Amino acid sequence: MDFSDSDELAQFRSGLRKWLRDNVITPEPDEPHAQFLQRWHRVLYAGGWVGLSWPAEYGGRGLSNTYDVVLNEEIGALGAPDAPRIGYMGRAFLQWGTEEQRRRYLPGLLSGDDFWCQGFSEPDAGSDLANLSTRAEPTGSGYRISGQKVWTSYAEYADLAILLARTGEPGGRHKGVSAFVVPMSADGVSVRPIMAATGESEFCEMFFDDVEVPEENRIGAEGDGWPIAMMTVAYERGAADVGYLSKFGAALGELRTLLGDRLHSDAAVRRTVADLEVRYRVLSQHVRRRLTERDLADTVPGPEMSVDKLLMTDVDQALHRAAVDLLGADVLLTPARPGEEPDDRSAWLRRYVYARAASIYGGSEQIQLGIIAQRVLGLPR
Ligand SMILES: Cc1cc2nc3c(=O)[nH]c(=O)nc-3n(C[C@H](O)[C@H](O)[C@H](O)COP(=O)(O)OP(=O)(O)OC[C@H]3O[C@@H](n4cnc5c(N)ncnc54)[C@H](O)[C@@H]3O)c2cc1C
């Protein structure tokens, strides 16, 4: 497989590089990180750089998936704020949504005007998501939703949630799960932020107390919630789909800058950074191959994305572990990069702690290994 840029891709890359240099933004004083990223998302969208691989009729550009890799690479190379994480949020609409839902929800998702959160996990349903107990009772014209979600990233800022709830029998496992769009402003929705070890409250508890939604807010048919969830998490495990490839590229560049002369004078430092570069490039090439295959076969991602999730976690944790080891006490003095809120802890230390969560969110490392064993390699349970 040839991984070099085609002429069109090379032209796209150089146009993007120039645009990024002229348009990168920095956070306002006291601007929360999530809001800064949303503002950056809108700037990128206005420049025509968001939704590259999404259909043009819903606000995208109808390009191949490979363009998303180039977007991530160029943002990373410049050290600009992360590429938007939308890659996984609304894909379900393309396969299961009605035309009306696609036209209603996708343009706002792509432009960054609507901020979405993902209400899947519950206190007793994380790795074992099929144990979820939030209920959606039919009312005749729609559904009444009651239950609790937890660890919902950015729920505090979200306009809309994609929510899994049980419409079938209690205890029905994968069967009888349905997916809904729930406006976060609906009566009966409340959100309680959870303070994490990073010192930030990225994720939240969400409570649904007899929340009424019309039938048109259900995605797909009753009972389609499980395949919708599985497709959504498969996209969530892709480093270009969630923009993390850009984040790692930027962090690596920043680490090299901070190490300065030590990169040349200290053989151990050079070896460690070379190792990180190799891991990053392996991930980047792997993602490019994956997305090229997705383009060629015109498929949606499946269980194979668990391999991507493990590779992504490996780069994230190796990079931040090495940064803390190599920078040592200096990390406490390191200024935040654009898009990071200044804080009394260093940005690197915060990012290191967040990287520990990489082997939990989007499905834990053990769960990914189980999926690879059973659903990719076909080994017995
Ligand atoms: C930063 C962050 C952001 C998140 N954002 C969201 C979000 O936006 N929306 C959302 O819905 N969820 C979100 N989550 C939740 C995440 O999906 C869950 O934390 C994850 O699926 C694990 O579930 P759990 O926390 O209930 O742990 P548990 O399922 O209780 O697992 C505990 C431990 O047991 C292990 N384990 C469990 N079952 C097995 C098994 N069968 N085989 C081997 N080991 C097993 C796990 O690997 C883990 O180490 C987020 C989590 C984090 C950390």
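In the predicted model, the ligand is surrounded by 18 residues, the closest being Gln118, Ser127, Trp151, Ser364 and Gln366; a residue is counted here if one of its heavy atoms lies within 4 Å of the ligand. Residues are numbered from 1 along each chain as its sequence is written. Because the model is predicted, local features need pLDDT of at least 70 and side-chain atom pairs count only at pLDDT 80 or more, whereas totals for chains, interfaces and linings use all residues; side-chain values use heavy atoms, with hydrogens and water left out.

The side chain of Ser127 places an N or O atom 2.6 Å from an oxygen atom of the ligand, and a backbone N or O atom of Ser121 lies 2.7 Å from a ligand oxygen atom. At Trp151, a polar backbone atom is 2.8 Å from a nitrogen atom of the ligand.

The chain is divided into domain 1 (1–115 + 224–381) and domain 2 (116–223), with bounds that come from an automatic or database domain assignment. The centres of the two domains, taken over C-alpha atoms, are 25 Å apart. Contact (heavy atoms within 4.5 Å) involves 34 residues of domain 1 and 31 residues of domain 2. The domains bury about 2,900 Å² between them, 62% of it on carbon and sulfur atoms; this buried area is the accessible area (1.4 Å probe) that two parts lose on being put together, summed over both. Met89, Phe115 and Trp226 supply 26% of the area that domain 1 buries against domain 2, more than any other three residues.

Between the domains there are two salt bridges, each defined as a side-chain nitrogen of Lys or Arg within 4 Å of a carboxyl oxygen of Asp or Glu. Arg104 and Glu216 are joined by a salt bridge between their side chains, with an N to O distance of 3.6 Å. On the side of domain 1 that touches domain 2, the elements giving two or more residues include helix 2 (33–46), helix 5 (99–111) and helix 6 (225–236), where helices are DSSP runs (H or I, at least four residues) numbered from the N terminus. Helix 6 gives the most to this side, with nine residues.

By the same definition, the count comes to 28 salt bridges. Arg13 forms a salt bridge with Glu74, the closest N and O atoms being 2.8 Å apart. This pair links distant parts of the chain, with Arg13 in helix 1 (residues 7–23) and Glu74 in helix 3 (residues 66–78), 61 residues apart.

Note on methods: A polar contact is a pair of N or O atoms within 3.5 Å; within protein, one must be able to donate a hydrogen and the other to accept it, and residues adjacent in sequence count only if both atoms are side-chain atoms.
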